[in-house]
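Student: I have a structure to read, and I am new to this. Can we go through it feature by feature?

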Amino acid sequence: MFKFLGTYQVTPRLPEKLEKLRELAYNLNWSWNQDTKYLFRRIDRDLWQETNHNPIMMLAKVSQERLEEVANDDGFLAHLQRAHQNLTSYLTFQSWFEKNYSEKNGFTIAYFSAEFGLTECLQTYSGGLGVLAGDHLKSASDLGIPLIGIGLLYKEGYFQQYLTSDGWQQERYERNDFENLPIQLVKNSDNQTLVLSVSFPGREVFFQVWKIQVGRIPLYLMDTNVQNNSPQDKRITETLYGGNSETRIQQEIILGIGGIRLVQALGFKPPICHMNEGHSAFLSLERMRLLMQLNELTFSEAKEVGYYTNIFTTHTPVPAGIDVFSNELVEKYFGNYYRNELKISDKEFYALGNINRDKDASVFNMAHLAMNTAGLINGVSKLHKVVSKKMWTSGFKSVPFNEIPIDSVTNGVHTKSHLSLEMEELFTRYLGEKWIYNPESSEVWERVDKIPDEELWRTHEKRRERLVAFARKGLMFQIKQRGGGLSELRTAQEILDPSILTIGFARRFATYKRATLLFHDLDRLHDILFHPKFPVQIIIAGKAHPKDEEGKRLIQTIHQFAEQERFRKRIVFLENYDMNVARYLVAGCDVWLNNPRRPLEASGTSGMKVIANGGLNLSIMDGWWDEAYDPEVGWKIGNREEYSNLDFQDEIESGQIYSLIEKEIVPQFYERTSENLPRRWIKMMKNSMKKLGPVYNTNRMVMEYCEKFYLQAHNRRKILSAKNWEKAKEISEWKKNVIANWDQIKVSNVTTDKTDSVFVGDNFFINADVYLGKLSVDDVEVQIYFGPSDRFDNPEAYAAVPMKLKSKSNSEDGMLKFSGAIPCLTSGMQGFTIRILPKHKLMVHHFELGRIYWTQK
């Protein structure tokens, strides 16, 4: 077999007048700018489709004659000038961050994620987690937040899906041609390819770096397919979520440790790191190593700096969704690292991968590593915060449930990225351009009422028509690919009806999402779909993980139902769900169905994408819908019930879906005025836009991350690093002292001023003697913890108030007298106790040390 002696890159010779096309193509701002996308489409509409909307590949394939032709087209050149000016204006306008936080010098966030979903031609994502990460970068760009993205570049990316004739999912892996993607190799100061490395057992593994410009935000992706590596190591970043457990730990070492080394090499030195899921949690170890090496800090001092400047976002509602590695595998890759670089014992190291402080674990948990090294932790919806607390209660023993330090920032979507061209033009016409720059503004969305009902409805109908045309074309392609006959192709041309109620269901085919729930009663479903006056149709899409046999069976079941003669014209399964398929679905569906098993949907974002497009949600009260539901904006399935008998649950909830469609959704959709307008339906569309539009977008989400976490972490970093890390050293020593002397604490002689009943509005006064041993009053907070004496199942019913030092004891026993008062706001039998917590002004929360003193009788 021959081998090439060398390689060379051929690039299109753009006429000088078209050079600005290159700049536009390499900034992914075009992916959410309809005018720029139209500019590229003008060059060659068919080629734009053929290249999966990839401007770099299109420019490489388009003929030189066509380039010369458009270079002499005054209309095209005017369009090019306008698009370039729009990009320049976007990159230079005064942003939200610049207006509000311009004094924040040195403020940079490094945002780490295993996947980024930016646009369909970049296969660097598998599903919702990646699209959310991509939307996070886009909104950070819109808001002007100084942020850089860090991830991996996969040669094959996630798989391309196709179905066999019997509906079984097959996977096809297409190798990405990086040279023909809107990405560029990063060069060093000598204009050579930047190559960095990490240590693996017995060898160095090297990686090069590619840059994607996402508006104002640079995204850097690491790639191990470099000449210096062995064939095996070249394949580390070959496939997203591929390989075995060892492949995963290798990828996560590159992502976390390699990512921090990349950030250092680029000269960013960000004070704050945000881990989007636990895949990148090894970054916390490398941050400690660098702090120790560059600033001569001890391990415990470096750990404190990292703890106060790392943010961890969990997207997982079940332990099975978290990466865990055997201690033997971790030892193989980190034995030398923690002994020689971090200079800690094996017990100290493995404790980092386990939040259960009182027992050893046989596995190293990546979410636990993130939680132990990040002081700021959040779930991705209000309900998911509660679910996460339940999942990790064992790591916060003796901490009241409502005080477990896990916060929430509900997910959103980047509105412009998921909005149809027609709806965008409608919004600009009636809402003005403010909706583009301030999609989080309720005031802007209130202007939706100015849109005439007829215009809104006709715009939405046009998108439904396009969805049906897209589905037909997609189905015909699927049939041809698997060798179907002419009769099948003729049938495909007649499936679906562009004028009838259309329900969409598209997501990852995990079993808990219950894709087949709608098929629980086939006869009843048939009656709904083929009602003689009020018909309904369903379009379904989604992929199962290659190793998820149950998920594949769900797809096969739906495919087989859709192939039955009785359902053929009303049910379609679209293969190879990606961002392009999603764009058609969310823009054209009337109703978006979501029926996971509560509470297993951490957030979900697909339903958010239909909001601005005029779609309405029909969903289980889970994830984001649990906090968003309002009868004026959509429909709920059930009432937050959770079942132990899952078959019974499916029977009940499928029946509720059928009833909602039959009794509420269908009548409202088909109730028409003399102008053939469904006025009540349109009102609900507008209510959904007005109430949900300003909330469930990533501009609001990223602003919340910034103001809740990023700024807090930045301010702590400044305090910790001042005067040669004086405060970092101080809090490290303080924590050691508190832990060493905590067991000396005692509370005695608890008395109250009143023994009889007190009235609502009164204060109930309590006194206590407290012994702190070698700890000082400034080291702790003494609190009265109180609430109903019979409501232990409701932690929200309880609260705490601080006690104040009243005086020192006259005796030599070291007792301190504290006093406090409980405000009596509600009637009934109440209880109280005394607790003591560590206190330091730099602490994020009282439970960092895992120490609480509860007074016992």
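Student: Which residues have the most contacts inside the largest nonpolar core?

Tutor: First, the idea. A nonpolar core is a set of buried Ala, Val, Leu, Ile, Met, Phe, Trp, Tyr and Cys residues joined through side-chain atoms within 4.5 Å. Buried means under 20% relative accessible area, exposed over 50%, and partly exposed in between, with a 1.4 Å probe and protein chains only. Here the largest core has 113 residues, and Phe282, Leu285, Phe334 and Phe349 have the most contacts inside it. Helix H10 gives the most to this core, eight residues. Helices (H or I, at least four residues) and strands (E, at least two) are DSSP runs, numbered from the N terminus.

Tutor: Keep the origin in mind. This is a predicted model: local features need pLDDT of at least 70, side-chain atom pairs count only at pLDDT 80 or more, and totals for chains, interfaces and linings use all residues. Residues are numbered from 1 along each chain as its sequence is written, and side-chain values use heavy atoms, with hydrogens and water left out.

Student: What is Phe282 in contact with?

Tutor: Contact means heavy atoms within 4.5 Å. Leaving aside neighbours within four places in sequence, the partners of Phe282 include Ile249, Ile253, Phe334 and Leu369. There is also a second, separate core of 67 residues, with Val62, Leu67, Ile109 and Leu143 among them.

Student: How many cavities of 30 Å³ or more does a search find?

Tutor: On a 1 Å grid over the protein atoms alone, a cavity is a set of points where a 1.4 Å probe fits but cannot get out; lining residues have an atom within 4 Å of a point. Grid points are joined across faces, edges and corners, and a volume is the space filled by probe spheres set on the points. The search of the whole structure finds eight.

Student: Where is Tyr241, and what is its phi?

Tutor: Most residues other than glycine have a negative phi, and most peptide bonds are trans. Tyr241 has a positive phi of about 55°, although it is not a glycine. It sits in the loop between helix H9 (231-234) and H10. Tyr241 is buried, at 16% relative accessible area. Trp725 also has a positive phi, near 65°. Trp725 lies in helix H29 (residues 698-741), and at 7% relative accessibility it counts as buried.

Student: Which peptide bond is cis?

Tutor: The one joining Arg598 and Pro599 is, with omega about 5°. Pro599 lies in the loop between E18 and helix H25 (606-609).

Student: Which strands pair with E19?

Tutor: Two strands pair if DSSP finds at least two bridges between them. E18 (residues 591-594) pairs with E19 in the parallel sense over four bridges. Four bridges also join E19 to E20 (residues 634-637), and these run parallel. Trp592 stands opposite Asn617, while Leu618 has Trp635 as its bridge partner in E20.

Student: Is E19 (residues 616-620) mostly covered or exposed?

Tutor: Covered: five of its five residues are buried. Leu616, Leu618 and Ile620 point one way, and Asn617 and Ser619 the other way.

Notes
On a 1 Å grid over the protein atoms alone, a cavity is a set of points where a 1.4 Å probe fits but cannot get out, and a pocket is an open set with protein on both sides within 12 Å along at least five of seven lines; lining residues have an atom within 4 Å of a point.
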